[in-house]
Amino acid sequence: MLRFYTAGESHGKGLIGMIEGIPSGLALSSEDIDFQLKTRQKGHGRGGRMKIESDRAEIISGVRWGVTTGAPISLFIENRDWANWNEAMSADAKFIGSAQPVTRPRPGHADLAGAQKFAQKDIRNILERSSARETAMRVALGAVARKFLDAFDIKIGSFVFQIGSAVMKSAADPASEKGLLNLSKKAGASDVRCPDEAAGNEMKSLIDEAALAGDTLGGKFTVFAIGAPPGLGSHTQWDRRLDGIMAQAMMSIQAIKCVEVGGGAGLAETPGSIIMDEIFYNAKRGFYRKTNNMGGFEGGMTNGMPLVVHATMKPIPTLKKPLRSVDMATKKPFKAAYERSDVCAVPAASVVAEAMTALVVSEALLEKMGGDSLDETRRNYDAYIRQIAQF
Ligand SMILES: Cc1cc2nc3c(=O)[nH]c(=O)nc-3n(C[C@H](O)[C@H](O)[C@H](O)COP(=O)(O)O)c2cc1C
């Protein structure tokens, strides 16, 4: 079983994360993690904070001499801004009152509902944790999961295909492993993580226009996993269906408002005779499909095709353009306007989605294969692959 948690505030000392269940014997270094952290911080439309923070993960436990021991792996990412916040965010009661309480809830944030729920008069006690700063640790933990998946040649990738009204012209073929990997590779070279250069330039112009207008933009991205064997997840119980678990993982990312699996919403328009992924067989490949409209999931299980999921991110809710809200203390209306914030974080969200995909697929793989050491997991995996080949 694979479990993970994150903790930490946006302007606290740092973020901590723990992942338990990664088998022993996996080579892991902080460089493996830092590469992913860097990718999350890039992107046209990110705010000033990305210039302050240059994230690095410190491995605190679970790894000895570059190899996992099977013990819980814990990580720490320092918040570089901590020096400016160590009194305002201190755990020590002697600093009470060193920062003004925040009483003006921002529309589109956890501020008001969180303050009501946790009975907090100072919204800072909510916003510090609800901030997407937390996703840095998810990306770090996801990098550990990716390293584990590498051992089974399971690859994760993503690309942005829409920001505001700018849309990538050609749709990806969800059945083509090579095609998906190629799109993700091209996305890695783009400031907006869009593999289509013309669409990417349009996206950048829209982001610049939005920034000038004090506005923000949302968008859509695709995330995929290639190489997962058939039979991860299960049809036997509602909470074991892997497409459901994947959707929850995507929806758990701040500002994601819609998740589609495979053909998603578009499946409603096409008759079943056209859209189902028909089954073929030959001795070399075994059972296979020519299409992947179901996004690699049937009956809540992987079917051996690429796992393809699309997510929609709402526009960033913190704007320079004022939004109406009401002060919690005075009950008087005010207009919320902020300076430092992302204009568009869709590219970064796609990197977070890769991390969540890696974590979900790793958990499903470990649930199916078991194993406390990588060798044991591999033996079980190889035996299962043989079982499928002989089926
Ligand atoms: C990678 C990433 C970066 C984000 N950056 C910001 C930001 O700079 N400013 C902001 O207001 N919201 C940002 N958000 C979105 C908010 O965190 C999110 O909308 C808010 O916490 C409320 O959650 P909800 O939209 O899921 O309801 C970001 C989200 C992600 C995934």
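Reply: Asp 153 lies in the loop between helix H5 (135-150) and strand E7 (155-163). Helices (H or I, at least four residues) and strands (E, at least two) are DSSP runs, numbered from the N terminus. The model is a predicted one, in which local features need pLDDT of at least 70, side-chain atom pairs count only at pLDDT 80 or more, and totals for chains, interfaces and linings use all residues. Residues are numbered from 1 along each chain as its sequence is written.

Phi of Asp 153 is near 55°, a positive value in a residue other than glycine. Most residues other than glycine have a negative phi. Asp 153 has 8 other C-beta atoms within 10 Å and is therefore exposed (12 or fewer such atoms, placed from the backbone; 20 or more make a residue buried, and values in between make it partly exposed).

Trp 65 counts as exposed because 6 other C-beta atoms lie within 10 Å.

Turning to the sheet, four strands form an open, antiparallel arrangement in the order E1-E2-E6-E3, where pairing requires at least two bridges found by DSSP. Strand E1 (3-7) and strand E3 (57-61) are at the edges with a single partner strand each, so one side of each has no neighbour in the sheet. On average, neighbouring strands are turned by 20° against each other, direction ignored; the axes are lines fitted to C-alpha atoms, for helices over the stretch in contact, and angles run from 0 to 180 degrees between N-to-C directions. Strand E2 (residues 14-20) and strand E6 (residues 73-78) share six bridges in the antiparallel sense, and Met 18 stands opposite Ser 74 in E6.

The largest nonpolar core has 90 residues, with Ala 140, Leu 141, Ile 163, Met 250 and Ala 349 making the most contacts inside it. Such a core is a set of buried Ala, Val, Leu, Ile, Met, Phe, Trp, Tyr and Cys residues joined through C-beta atoms within 7 Å. Helix H10 (residues 346-369) supplies the largest share of this core, 16 residues. Leaving out residues up to four places away in sequence, Leu 141 touches Phe 4, Gly 17, Ile 19, Leu 75, Ala 355 and Leu 359, a contact being two C-beta atoms, placed from the backbone, within 7 Å.
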